[in-house]
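Hi,

Here is the structure I promised to pass on. Please look through it first; my notes follow below.

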Amino acid sequence: MKRLLPFIIILAVLAAAVGTVLYMRRSAIQASTPVLNASSQPSVVASSDPGVVASSDPGAEPPHTIGPLDAPAQLEEFGDFECPPCGLVHPILQTMEKEFGARLRIIFREFPLTPTHQHALAAAHAAESAGMQGKFWQMHDLLYENQKAWHDAFDVRPIFEDYAKRIGLDVERYKQDLTSEVVERRIFLDMKRGHSLGVKGTPTIFLNGREVPFESFPADKLREVIKAELSRAHP
Amino acid sequence: MIKNHEEPANSALASAGKSLSRLERRRTVLYAAAGLFSLLGLADSIYLTIQHVTGQSVRCTIIAGCSEVLSSSYATFSGIPLAMIGAAAYFCVFSLSTLAAFGYRSAGQLMRLVVGLMFVVTLWLFYLQAFVIRHFCQFCLLSAATTVLLTGITVLLWRIRRRSV
């Protein structure tokens, strides 16, 4: 019996560990609650969103999008509000949005490059907190348009609070949401999705699941890439 | 006369026997301690693995930085969560220390090897947190502290082994 005892102990610990894993996994999945509003259909294991590549992590759901769900061109951007090239791509994407209208859907994913950009995470929190009040895109635009104004600031919180006031947010709620679990989780899930897709820097853009090379980011080239994708979708 | 020669020899043997059994007891206690500490590391790693696999964000309650560390590209190795590899390593140490505590000598040698490897990986991960990611995650630090303790125990076991040879 004494010879068997260590093996019995090891097997008991293994069984306890496997049991704990199964129990915690089930609890964690059950605890996954809707993140933005009650009408959304969040999922932590798979996405029903046509713009989301099925074989990767789904990212925060529902994602921040512009354009119809069934648009033939689904453009997904992984962005960092403090990254200068992202600031340059921002007006280009706005132009594409106007030009292609209902044929293009833009999805924004948080990918703050910390510690390279010291305020990137704070900016992502600010945008997501605005998103909690349905004003993600307004904050998104303000952050990019004023990137140079806050980039070198020592403390960005009062600047972002001012933006929150400008876009008509309930500032007290905004401040509470900044440190909320939901906001933190959305950023985490977007970054996890980015890593699963092999995103290394920002901006990284996927068009219908295929990565668009950085050289194609100028407006005239990106326009051609989107047109080619549309003609492929509807020859 | 014979009796006079035998008495010191017997007492020396008895003293050596006592000393050996004391060392044996210490060795067993240290292996048991290693087993307990590896259980702590196992629990920590299992928690992080579950959070990673189910896509939950881990909130640091003592220091801020869990999200930054655990969502970084260093949190996985060839697509496998690092926490899962850690859990496997801690389970390995637990099994080997349990076997060693029950007298399986080769298990003890293998445990020293595994703990040595874990210590090197821990140093590398600590470097990444301190100088590359520049954020610390309390759960990763707990795991690092556990590995350092296991390394300390391994050093003590090695010294006992040298004394008993």
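Start with helix 5 of chain B, residues 138-164. Its 27 residues should span 39 Å at 1.5 Å a residue, and the end C-alpha atoms are 39 Å apart, so the two agree. The expected span is 1.5 Å times one less than the number of residues. Helices are DSSP runs of H or I, at least four residues long, and strands are runs of E, at least two long, both numbered from the N terminus. The buried residues of helix 5 of chain B include B:Phe139, B:Cys140, B:Leu150, B:Ile153 and B:Leu157. Buried means 20 or more other C-beta atoms within 10 Å of the residue's own; exposed means 12 or fewer, partly exposed in between, with C-beta atoms placed from the backbone.

A word on provenance. This is a predicted model: local features need pLDDT of at least 70, side-chain atom pairs count only at pLDDT 80 or more, and totals for chains, interfaces and linings use all residues. Residues are numbered from 1 along each chain as its sequence is written, while chains are lettered from A and ligands numbered from 1 in the order in which they are written.

Now chain A. It has 9 helices and 5 strands. Of its 235 residues, 40% are buried. Among contacts with a separation of 6 or more, 74% join residues 24 or more positions apart. A contact here is a pair of C-beta atoms, placed from the backbone, within 7 Å.

One helix pair deserves a look. Helix 3 (residues 120-131) and helix 4 (residues 136-145) of chain A pack at about 150°, axes 7 Å apart. Helix 3 of chain A is therefore roughly antiparallel to helix 4 of chain A, the term for angles over 145 degrees. Axes are lines fitted to C-alpha atoms over the stretch in contact, and angles run from 0 to 180 degrees between N-to-C directions. Helix 3 of chain A contributes A:Ala123, A:Ala126, A:Ala127, A:Ala130 and A:Gly131; helix 4 of chain A contributes A:Phe136, A:Gln138, A:Met139, A:His140 and A:Leu143. That contact counts 7 nonpolar, 3 polar and no charged residues. Nonpolar covers Ala, Val, Leu, Ile, Met, Phe, Trp, Tyr, Cys and Pro; charged covers Asp, Glu, Lys and Arg; the others, Gly among them, are polar.

Finally, A:Arg185. It lies in helix 8 of chain A. With 22 C-beta neighbours inside 10 Å, A:Arg185 counts as buried.

Best wishes

How values were computed. Two residues are in contact if their C-beta atoms, placed from the backbone, lie within 7 Å. Angles under 35 degrees count as roughly parallel, over 145 as roughly antiparallel, 65 to 115 as roughly perpendicular and the rest as oblique.
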